[in-house]
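Subject: Handover of a structure and notes on its contents

Dear colleague,

Please find below the structure I am passing on to you. I would be grateful if you could read the notes that follow it with the model open beside them.

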Amino acid sequence: MSFDFFNPVKIHFGTDSLKDAGKIAKKYGTHALIVTGKSSMQKSGVLDKLVKILKDEGINSIVFSDITPNPTIDEIDAAAKLAKEKNIDLIIGLGGGSPLDSSKAIAVAAKGNIPVWDYLKIQPKGALPIITIVSTSGTGSEVNRFSVMTNTKTGEKPGFGYECMYPKEAIIDPVIMQSMPKYVTATTGFDVFVHVLEAYTGKISNPIADSYCEKAFALLRESFIAACNEPENIKARSDMAIASALAGLAIDSAGVGIIHALEHPVSGNFPNIAHGAGLAALIIASMELNIKDKTCREKYAKVAHIFGNIKGNKTEEDMAYELIETVKKILSDVGLNAKLKDLGVSEDKLEKISKEAFTTMNFAVLNNPVVLGEKEALELLKDSF
Ligand code: NDP
Ligand code: MN
């Protein structure tokens, strides 16, 4: 066995840790671009609070609030242009995975002279320093190097990540997550589950990432449903925030698999679909495929143990199948039962989606426990339709 594990992100976790944003930011710059979405952080008052906290430490900030869920390269290039015009020296991502992913891509594009899309092929020379302040428990983007962006002309939605894209520091304040509505809590929380499931069972899984996954599974068991049903439950919000970070660290070294490889083209071609809802539609057919792999089956059995619903004498295989039932129950408990068709995917796009999994997310296809080609991927999409 051989593996690499690296993560340079300084994590500040705690209720009201937002208050430290000024002191943290001051280490890196004096002219910050705050990258956020169109409304949630304005409505909850967190954006105004952040601007004031920064000002109190002598940091000027400009707000770019045009980031949409499943962010586009046009939004990112526009923000990078603004950053250059205003001599920005620090990028602060505030929000869910969409603003955080965008902040990393903007930090790269603002340092260079080419459109952000070109960095998929060209290694960037560097990036402006990045600070993440996360508002969903979700993507893990707060602690990893990955960024996901959509090319609206083609529908392609690749993920990429260079070492210069690691945030310098991450602020994880569960109070910010209390304003998430049930559907956002469910879709983003389910993303955490799929990150750990795919990192735990992937070809490049490793013991360090595995231990993070096991802790994240336990936290999900404890608090996912409570977070969905009791938005102000700070213990549940904290558990989910830690699970999100653990999962983000796990996928940084152990990668994702076919569920993510297929979901990216789903929400790339149908940007109104939440990433976690797409994952939910794809998971059962994917698990039914992957369970055929012996190593994956062993890992599924271990996860079933963590979820602890095992009654009577069961073989490893029984337990692995039990996990599929557990996942079905979680989906039903949190209200994520929609198939691809219910989410608005049209059948004539399934072939394009299956092809794009191999062109834009091939590293995830290759990491999947079971090897599959375009034909099998298309079957899987049809089963999830
Ligand atoms: P988004 O950042 O897209 O946010 C989803 C919705 O939730 C938006 O409408 C947003 O509003 C709202 N919202 C966010 N936080 C709050 C809050 N605290 N209270 C109320 N509403 C809130 O969601 P995700 O976090 O799921 O990010 C998804 C993106 O991340 C996708 O593009 C996905 O592909 C990518 N991703 C990245 C990964 C990585 O490793 N970097 C891994 C997995 C996915 P508003 O827009 O107004 O802020
Ligand atoms: Mn994800």
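This is a predicted model: local features need pLDDT of at least 70, side-chain atom pairs count only at pLDDT 80 or more; totals for chains, interfaces and linings use all residues.

The metal site

I begin with the manganese ion (ligand 2). Which residues coordinate it? The donors are Asp191 through OD, together with His195, His260 and His275, each through NE2. The distances run from 2.1 to 2.2 Å. Along the sequence, these donor residues follow the spacing D-x3-H-x64-H-x14-H. Asp191 belongs to helix H7 (residues 182-201) and His260 to helix H10 (residues 258-269), so this pair links parts of the chain that are 69 residues apart in sequence. Asp191 has a relative accessibility of 3%, and because buried means under 20%, Asp191 counts as buried. His260 is likewise buried, at 3% relative accessibility.

Helices H4 and H5

The next item is the packing of H4 against helix H5 (residues 97-109), where the axes come within 9 Å and cross at roughly 50 degrees. The arrangement of H4 relative to H5 is therefore oblique. The crossing of these two helices is right-handed. On the H4 side the contact is formed by Ile76, Ala79, Ala80 and Lys84, which meet Ser102, Ala105, Ile106 and Ala109 of H5. By class, the residues of this contact comprise six nonpolar, one polar and one charged.

Ala80 sits in helix H4 (residues 73-85) and is buried, with a relative accessible area of 4%. Apart from neighbours within four places in sequence, Ala80 touches Ile106, Ala109 and Ala110. Between the C-alpha atoms of Ala80 and Gly29, which are 51 residues apart along the chain, the separation is 16 Å.

Helices H11 and H17

Leu282, Ala285, Ser286 and Leu289 of H11 meet Leu380, Leu381 and Asp383 of H17. This contact has five nonpolar residues, one polar and one charged.

Is Thr132 buried or exposed? Thr132 is buried, with a relative accessibility of 0%. Thr132 is part of strand S5 (residues 130-134). Beyond neighbours within four places in sequence, the contacts of Thr132 are Gly93, Leu100, Ser141, Glu142, Pro167, Glu169, Ala170 and Ile171.

Thr15, by contrast, is partly exposed, with a relative accessible area of 45%. Thr15 is located in the loop that runs between strand S1 (10-13) and helix H1 (21-26). What lies in contact with Thr15, once neighbours within four places in sequence are set aside? The contacts are Asp173, Pro174, Val175 and Ile234. For Thr15 and Asp173, the C-alpha atoms are 5.1 Å apart in space, while the two residues are 158 residues apart in sequence.

With kind regards

Terms used: Residues are numbered from 1 along each chain as its sequence is written. Chains are lettered from A and ligands numbered from 1 in the order in which they are written. Side-chain values use heavy atoms; hydrogens and water are left out. Donors are N, O and S atoms within 2.8 Å of the metal (3.2 Å for Na, K and Ca); water is not among the atoms, so sites may look incomplete. Helices (H or I, at least four residues) and strands (E, at least two) are DSSP runs, numbered from the N terminus. Buried means under 20% relative accessible area, exposed over 50%, partly exposed in between (1.4 Å probe, protein chains only). Contact means heavy atoms within 4.5 Å. Ala, Val, Leu, Ile, Met, Phe, Trp, Tyr, Cys and Pro count as nonpolar, Asp, Glu, Lys and Arg as charged, and the others, Gly among them, as polar. Axes are lines fitted to C-alpha atoms, for helices over the stretch in contact, and angles run from 0 to 180 degrees between N-to-C directions. Angles under 35 degrees count as roughly parallel, over 145 as roughly antiparallel, 65 to 115 as roughly perpendicular and the rest as oblique. A crossing is left-handed if the near helix is turned anticlockwise from the far one by less than a right angle, and right-handed if clockwise.
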